[in-house]
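Thanks for coming, everyone. Let me put the model on the screen and walk you through it.

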Amino acid sequence: MAGAAGPGAGPAAAGGDGDDSLYPIAVLIDELRNEDVQLRLNSIKKLSTIALALGVERTRTELLPFLTDTIYDEDEVLLALAEQLGNFTGLVGGPDFAHCLLPPLESLATVEETVVRDKAVESLRQISQEHTPIALEAHFVPLVKRLASGDWFTSRTSACGLFSVCYPRASNAVKAEIRQHFRSLCSDDTPMVRRAAASKLGEFAKVLELASVKSEIVPLFTNLASDEQDSVRLLAVEACVSIAQLLSQDDLEALVMPTLRQAAEDKSWRVRYMVADKFSELQKAVGPKITLNDLIPAFQNLLKDCEAEVRAAAAHKVKELCENLPIEGRETTIMNQILPYIKELVSDTNQHVKSALASVIMGLSTILGKENTIEHLLPLFLAQLKDECPEVRLNIISNLDCVNEVIGIRQLSQSLLPAIVELAEDAKWRVRLAIIEYMPLLASQLGVEFFDEKLNSLCMAWLVDHVYAIREAATNNLMKLVQKFGTEWAQNTIVPKVLVMANDPNYLHRMTTLFCINALSETCGQEITTKQMLPIVLKMAGDQVANVRFNVAKSLQKIGPILDTNALQGEVKPVLQKLGQDEDMDVKYFAQEAISVVAQRLRKLDFPVKDSEVPRAPGAEKNHFLRPRVPGEDTGKGPTYRLHVNTRDTLVQLEIAELVHFSQSRD
């Protein structure tokens, strides 16, 4: 657009009557032809403002011709322009003048950049709905014909997306022409055009008359499904779903199924993958009879395909296929025709195939019932729980609720425990994190006795993991377990073990104690918090590491609302006042914040508080942004925490080295 003549002649033209209020509009118009791409982009994004200022007449006669003539620009500018023009109908005078928007969009639909063309086609489809039938035939259909017969493949690919929106409202004579143009594009010499036609074949079929679907669309589908380019053939499979929904069972069997059978055995794995990926939609489209006769054998072949990607795609569809089978005879069909192939996939050589199967196989238990699950599926579940791939074991564990509904989880418990232990100790921290997230579900299904005996120690071990994200997740996990098992269980089982960590030589573990107290205090209630947790927090106020001390202040602020007046006034406030005089700036800052919260709490409880008892640290507000990121605020991705200790000491240097590793590395 740089250097081109815009609508009007600059600021003076936009403000022709000298009105200063139009000057910003004049600036936007000038920016349309500025050499700076960013300025042109900003102006294009405010095109509706320019159009409003110019009025509908000048927008049609000056702005749109200018935009059409200067269509050669950076792709991001053209993309913004294509998007803006789709909502421009009201700015050019309404539906009667919608055709004025077609020339710039037609130019945009022929550019080389795919994203711009797609956005232009999207806007054209939107504008087509605002044309009257007469205007559609007078202006829009000729545009589609020009694009469809363009010299460059770019215009022909864009045309493919416009046939379905103009066909329903066209006259019969024009409809015949539209179908002819679409047929030409389906047999175009350029593969990109055939791909575009194949991708829109199903959409176009939906707006055609049934007779035209049978006589014209089905032959096009057959040709595209046997195209020399596999990228065209796989798109034809997608169109098959839409076409199948339009035809009767007899027509399906005669016209579509031979081509679909051929696609399921195509020499290209990408085509077979598409069949597997669209299998559920195909199954619903063709109906139960053809599914049993044709699709089940095809599915069996896909489950034992030579390519792992195809087997994995088919494995993902096992549950959906079984659910969509006719209820009458479903169990027999699954047991005789599907299950033997599933058993082979359980020991597949590819981990992605096994993982895909593990994500859905548990769902079969609700379909097959208790007896079949115990006899046939349970051995498969147990085998997958022992699989060497952690993703397989994880997918089984994450879907245990399906089996629990049918047979109860006790049947799996003996094999479940070793699998959980292995995942809990996996070298990859993300695997450990995933199993922690499923622990509350497992706990509710296994019961408190089994959990205490087998899994409690695992949950506590996670609290001292070397990765912060694991320690954080383990803390949240304890809170969820207490919500499930109750405060009495927490008081007897969890709280004592957490409080012991307050004496751990590693300051990171001592801080984890504080995080656990923060998480558990609300769930456990006032009595347990006051009697068991508060004394430990107060004791840790004298810790030698400043990070621990300011986390004590934060913990007292967190649990303050739960405590009664006597504890706040007699125990919490003196400790916070002492921390408020700490030599460390950060400890002092967090102590002042906590004192303010405690004071507000005491006022609400009608306990007298002197203003002098709520001191503010000098420079606290000013230095707020200097505070280090601390655990609980950040998940370990930020800068390392600052230790206020003598770094010449060898032991402390080792601790700092460990901290740097924990903050910068996940594994």
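Buried here means under 20% relative accessible area, exposed means over 50%, and partly exposed is in between, with a 1.4 Å probe and protein chains only.

Some ground rules. This is a predicted model, where local features need pLDDT of at least 70, side-chain atom pairs count only at pLDDT 80 or more, and totals for chains, interfaces and linings use all residues. Residues are numbered from 1 along each chain as its sequence is written, and side-chain values use heavy atoms, with hydrogens and water left out.

Now the overall picture. The chain has 36 helices and 0 strands. Both are DSSP runs numbered from the N terminus: helices are H or I with at least four residues, strands are E with at least two. Of the 667 residues, 54% count as buried. Take the contacts in the chain with a separation of 6 or more: residues 24 or more positions apart account for 68% of them. Contact means heavy atoms within 4.5 Å.

Back to Ala276. Its place is in helix α16, residues 269-277. What does Ala276 touch, leaving aside neighbours within four places in sequence? Its contacts are Leu302, Val310, Ala313, Ala314 and Lys317. Glu309 is 33 residues away from Ala276 along the chain, yet their C-alpha atoms are separated by 9.8 Å.

Gln384 lies in helix α23, residues 364-385. At 1% relative accessibility, Gln384 counts as buried. Beyond four places in sequence, Gln384 is in contact with Val346, Lys354, Leu357, Ala358, Ile361, Val392, Arg393 and Ile396. Thr259 is found in helix α15, residues 249-264. Thr259 is buried too, at 7% relative accessible area. Setting aside neighbours within four places, Thr259 is in contact with Phe221, Thr222 and Ala225.

On to helix pairs. Two packed helices are described by the angle between their axes and the distance between the axes. Axes are lines fitted to C-alpha atoms, for helices over the stretch in contact, and angles run from 0 to 180 degrees between N-to-C directions.

Take α3, residues 37-45, where Arg40, Leu41, Ser43 and Ile44 are buried. Seen down the axis of α3, its buried residues fall within an arc of 165°, so they line one face of the helix. That arc is taken over the directions from the helix axis to the C-beta atoms. How does α3 pack with α5, residues 75-85? The angle is about 5°, with the axes 9 Å apart. That makes α3 roughly parallel to α5. The cut-offs: under 35 degrees is roughly parallel, over 145 roughly antiparallel, 65 to 115 roughly perpendicular, and the rest oblique. On the α3 side, Val37, Leu41, Ile44 and Lys45 meet Glu76, Val77, Ala80, Leu81 and Gln84 in α5. The residues of this contact divide into 6 nonpolar, 1 polar and 2 charged. For those classes, Ala, Val, Leu, Ile, Met, Phe, Trp, Tyr, Cys and Pro are nonpolar, Asp, Glu, Lys and Arg are charged, and the others, Gly among them, are polar.

At 23% relative accessibility, Met479 counts as partly exposed. Met479 touches Ala519, Leu520 and Thr523, not counting residues up to four places away.

Last, the core. The largest nonpolar core has 224 residues, and Leu478 and Leu556 have the most contacts inside it. Such a core is a set of buried Ala, Val, Leu, Ile, Met, Phe, Trp, Tyr and Cys residues joined through side-chain atoms within 4.5 Å.
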